[in-house]
Amino acid sequence: MGVKIALAGNPNSGKTTLFNALTGSNQFVGNWPGVTVEKKEGKWKGNKDVIIMDLPGIYSLSPYTLEEVVSRTYLITERPDVILNIVDGTNLERNLYLSTQLMELGIPVIMAINMMDIVEKNGDRIDTVALGKKLGCEVIEISALKGNGIQEAVERAVAVAQNKDVSVSVHKFRVEVEAYLESIEAMLDTTIPEVQKRFYAIKLFERDDKIAEQMSRLPNVESIVAEAEEALDDDAESVITNERYHYISSIITGVYTKANKEQLTTSDKIDRIVTNRWLALPIFAAVMWLVYYVSVSTVGTFVTDWTNDVLFGEIIPPAIESVLVSIHCADWLQGLILDGIMAGVGAVLGFVPQMLVLFIFLAFLESCGYMARVAFIMDRIFRKFGLSGKSFIPMLIGSGCGVPGIMASRTIENDRDRKMTIMTTTFIPCGAKMPIIGLIAGALFGGASWVAPSAYFVGIAAIICSGVILKKTKLFAGDPAPFVMELPTYHWPTVGNVLRSMWERGWSFIKKAGTIILLSTILVWFTSNFGVVNGSFGMVEDLSDGFLATIGNAFAWIFTPLGWGDWRAAVAAITGLVAKENVVGTFGILYGYVEVAEEGEEIWGTLAGSFTAVAAYSFLVFNLLCAPCFAAIGAIKREMNSAKWTWFAIGYQTFLAYAVSLCIYQFGTWFTTGQFGLGVIVAMLIVAGFLYLLFRPYKESNSLRINVSSITAQKVKA
């Protein structure tokens with residue numbers, strides 16, 4: 001019979017690293033039934049009969065967040081065979097708060113103290129044997145990052161799960177508190193299992209509404225709770241909280257010894273610089289400039305140029321063409337394969353090296369702990385403009401793909417903030433937009449190092465400005481929720497974890513190139529190469545006579561004020577709604593990617609001749625800010641759960657993209673050529689309206705408001 005192990009722990013305790021190490025590729029990701037929180041389940045590599053459930057990272061089993069409710073509901077209703085409690089050894093006291101609650105569930109617990117290598121490096125000491133005796137459960141030292149002790153931990157968990165007679169330890173609070181809890185326990189009927197009665201008694205004492213809703217017969221315990229609050233001179237929930245910390249303090253005395261209590265850790269010393277009020281933003285800007293410079297302008301470009309010029313220029317197309325000629329393939333089919341599939345998909349895949357380099361950098365920054373600091377830093381800025389630092393987390397995730405970034409907004413409790421985050425998350429350049437950035441930077445700006453980083457900061461600016469403007473409307477008015485997060489200790493990530501993260505992001509892009517983009521390029525090739533000439537349908541010699549040109553010319557005028565009213569650019573922007581990579585794929589087909597490559601010329605030279613530098617940057621910004629791909633739009637629809645809100649989000653994104661791109665082109669052309677016309681006047685009016693919306697005062701409602709402006713992001717460290 002299979003064994004179910006639940007992994008439970010605080011955020012950033014190393015739980016996900018342990019889960020990945022134990023399950024490898026045997027993972028299944030979905031959503032918990034009835035809610036939109038990610039569900040991770042996997043099979044242990046050592047024994048496929050052992051199911052490991054990775055519960056959301058939580059600080060307690062209180063019903064304050066959806067993650068806490070999901071984790072608690074699973075543990076109570078599903079009752080896994082054993083709980084593997086992952087504890088951050090560098091923050092032992094705070095992590096044990098959750099541990100005390102897990103032990104009240106009546107489920108066997110194995111405690112795995114993680115990051116013991118860092119504990120030892122700091123000179124601290126944890127007597128795990130003594131701690132285990134005081135807690136009443138087995139305690140094992142592990143390092144999920146290095147793989148030390150993880151097999152022993154899961155083996156012990158399996159052994160405990162298979163031993164049905166194992167006793168579950170129950171800790172006790174002060175005598176006077178225990179008396180009230182015992183009175184409540186005595187009121188519980190037989191529908192509550194005996195091993196769970198203490199947990200239910202504590203939750204009823206805390207006036208936990210969600211636990212009360214789960215009970216078929218709810219005892220009237222209010223008189224007992226009220227009596228306790230009067231006798232103990234505190235509210236019931238605070239009483240239990242104080243009791244937990246008093247109990248934790250009593251058990252770690254003599255068990256946990258810090259080497260130098262007053263001495264700053266290495267992480268603290270680094271944080272004094274990277275989270276400094278004045279240095280934090282310049283350092284962040286420098287880091288992101290370096291990331292994009294290496295990814296797009298140096299190492300990434302070198303590999304991408306080889307991929308475009310040699311692999312998809314001199315090697316693959318001629319080889320495929322010779323095969324097609326040798327088998328006497330029809331001309332139209334040759335055109336489809338070479339000028340359609342190879343030109344479109346090949347143009348997109350040519351930018352994969354740049355993306356992989358970028359993903360390596362992002363994975364490293366996330367794993368080492370720096371990106372958590374960025375969220376802390378951005379909270380200071382976002383809060384001033386009506387957004388919480390929590391909004392930056394989805395945007396950080398969205399740098400890989402907009403879909404999970406949008407889904408990550410679920411962690412934001414405030415509905416207004418969550419909707420605004422969903423609307424603005426896709427402004428951050430995702431992996432699918434990287435080929436567009438690389439194309440514009442390489443073909444139009446000669447690989448200039450400022451283009452790619454500027455695209456990232458244009459997204460940040462769009463988010464901040466949107467926050468300011470939208471927060472001043474009735475739809476989004478209100479103060480942002482306080483942001484409390486844990487900053488993990490800095491550490492060197494393992495090569496395996498970084499490469500795994502890079503490959504997961506890169507492989508999803510490659511799969512899209514083999515499916516959605518493949519179908520899109522076939523459609524683009526067909527509609528561009530076929531048309532009606534002189535009253536007859538057939539292949540056209542000039543693409544401007546094809547169906548696609550006819551369709552493109554019908555709406556290309558809309559983009560003329562943006563500097564790229566050519567039908568090919570207009571069509572590329574529209575096909576980007578299916579998948580942003582299609583912009584490059586469409587250009588590859590319409591500008592003869594394979595043909596140019598075969599002639600040995602600069603692959604994107606013909607494209608460069610169709611744009612001025614200002615128009616090219618206008619095109620880039622429009623595609624960065626406008627409505628995202630269909631998959632992301634679908635995610636917006638699911639998360640908004642409203643067609644009206646979805647259309648509002650798409651409309652806002654597209655309008656903002658159009659307005660910003662128009663201003664860039666009109667002002668850019670005016671400054672570079674001196675041409676002043678109606679377009680510049682319209683741009684001036686747009687800027688004037690934008691500044692008014694940006695700096696107009698808030699309209700406070702007449703209702704009572706709680707001032708939380710003084711609440712700032714808190715750095716939680718033990």
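The legends below describe close-up views of aromatic rings in a predicted model. Residues are numbered from 1 along each chain as its sequence is written, and side-chain values use heavy atoms, with hydrogens and water left out. Local features need pLDDT of at least 70 and side-chain atom pairs count only at pLDDT 80 or more, whereas totals for chains, interfaces and linings use all residues.

**View 1. Phe 587 and Phe 619 form a tilted aromatic pair.** The ring centres are 5.6 Å apart with 40° between the planes, where rings of Phe, Tyr and Trp (its six-membered ring) pair if their centres lie within 6.5 Å, and planes under 30 degrees apart count as stacked, over 60 as edge-to-face and the rest as tilted. Phe 587 belongs to helix α27 (residues 582-590) and Phe 619 to helix α30 (residues 613-625), so the pair ties together parts 32 residues apart in sequence; helices are DSSP runs of H or I with at least four residues, numbered from the N terminus. Both Phe 587 and Phe 619 are buried, that is, under 20% relative accessible area, with exposed over 50% and partly exposed in between (1.4 Å probe, protein chains only).

**View 2. Trp 670 and Phe 676 form an edge-to-face pair.**

**View 3. The charged end of Arg 373 sits over the ring of Tyr 490.** The distance to the ring centre is 4.0 Å, the criterion being NZ of Lys or CZ of Arg within 6 Å of the ring centre and within 35 degrees of the ring normal.

Terms used. Helices (H or I, at least four residues) and strands (E, at least two) are DSSP runs, numbered from the N terminus.
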